[in-house]
Amino acid sequence: MGQPVASRGRPATPTVGKAMLNKYARAFFTRVLTPFAAFLIRRGVSPDTVTLLGTAGVMAGALVFYPRGELFWGTIVITLFVFSDLVDGNMARQLGRSSRWGAFLDSTLDRVADSAVFGGFALWYAGGGDNNVLCAVSIFCLASGQVVSYTKARGESIGLPVAVNGLVERAERLVISLVAAGLAGFHKFGVPGIDVLLPIALWIVAVGSVVTLIQRVVTVRREAAEADAEVAAPPGNSPESTSHNSEATS
């Protein structure tokens, strides 16, 4: 959870809102968590250990509390462990150990954590929540989130930049779902009607994931066509060659 390496290709241009949120939120949490990350380093804790513990904590919060309908406390536990996503990356930077292995482990365990969150919702609605439709929507959110992530990873693996910011990416899926789940949990404290927030959030994530998937597929198709056309074009017909030829004959 958070040991990045530079990605290949052209990065997607974020929207202004996302860029500002990412810039200021990360700057704030970096300042807050840097001393804690330094403390863990002094104690001999590795970034990979923090990644593994963070994922285990998210899974416990989602699969122990959510299936019992403890949405508030489950969200609190998950939120605490989600911060490990920033701590391990901070540790890696302080140690100068950002690596491909760290990025791989981070991405793999992110998928595991996401599956646990939506799996926990599905178990709740299949059991005490007693709503088969919302159980199905939760499973769809789980599956579509994995496919959305796969499309980007697969596109990049064949050399394409996948330069698109989807409507509902991983951060949005988690924030929408966890905030709604935490607030819906106040139903157990006597707040009436607030439990409707989680179903609304799940439908938003489901529809947003479909839109994001379409955006990424369309982008990959366009980038693949452009790349194939560039490879197929004779060297003398490339824009650069044409420019050089015109200069030579002028």
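Which residues is Thr-219 in contact with, leaving aside its neighbours within four places in sequence?

1. In this predicted model, Thr-219 is in contact with Val-162, Ala-163 and Val-164, once its neighbours within four places in sequence are left aside. Thr-219 itself belongs to helix α8, which spans residues 197-232.

2. Is Thr-219 buried or exposed? Its relative accessibility is 7%, and because buried means under 20% relative accessible area, Thr-219 counts as buried.

3. Gln-146 lies in helix α6, which covers residues 132-157. Gln-146 has a relative accessible area of 23% and is therefore partly exposed, given that the buried class is limited to values under 20%.

4. With neighbours within four places in sequence excluded, the contacts of Gln-146 are Arg-111, Asp-114 and Ser-115. For one of these, Arg-111, the chain separation from Gln-146 is 35 residues, while the C-alpha atoms of the two are 6.8 Å apart.

5. The volume of the largest cavity is about 30 Å³.

6. Which residues line the largest cavity? The lining consists of Gly-69, Glu-70, Leu-71, Phe-72 and Trp-73, together with Gly-185, Lys-188 and Phe-189. Sorted by class, this lining comprises four nonpolar residues, two polar residues and two charged residues.

Methods:
Residues numbered from 1 in each chain as written. Predicted model: local features only at pLDDT ≥ 70, side-chain atom pairs only at ≥ 80, totals over all residues. Heavy atoms only, no water. 1 Å grid on protein atoms, 1.4 Å probe; cavity = no way out; pocket = protein on both sides within 12 Å on 5 of 7 lines; lining within 4 Å. Points joined across faces, edges and corners; volume = space filled by probe spheres on them. Nonpolar A, V, L, I, M, F, W, Y, C, P; charged D, E, K, R; others polar. Helix = DSSP H or I, 4+ residues; strand = E, 2+ residues; numbered from the N terminus. Buried < 20%, exposed > 50% of the residue type's maximum accessible area, 1.4 Å probe, protein only. Contact = heavy atoms within 4.5 Å.
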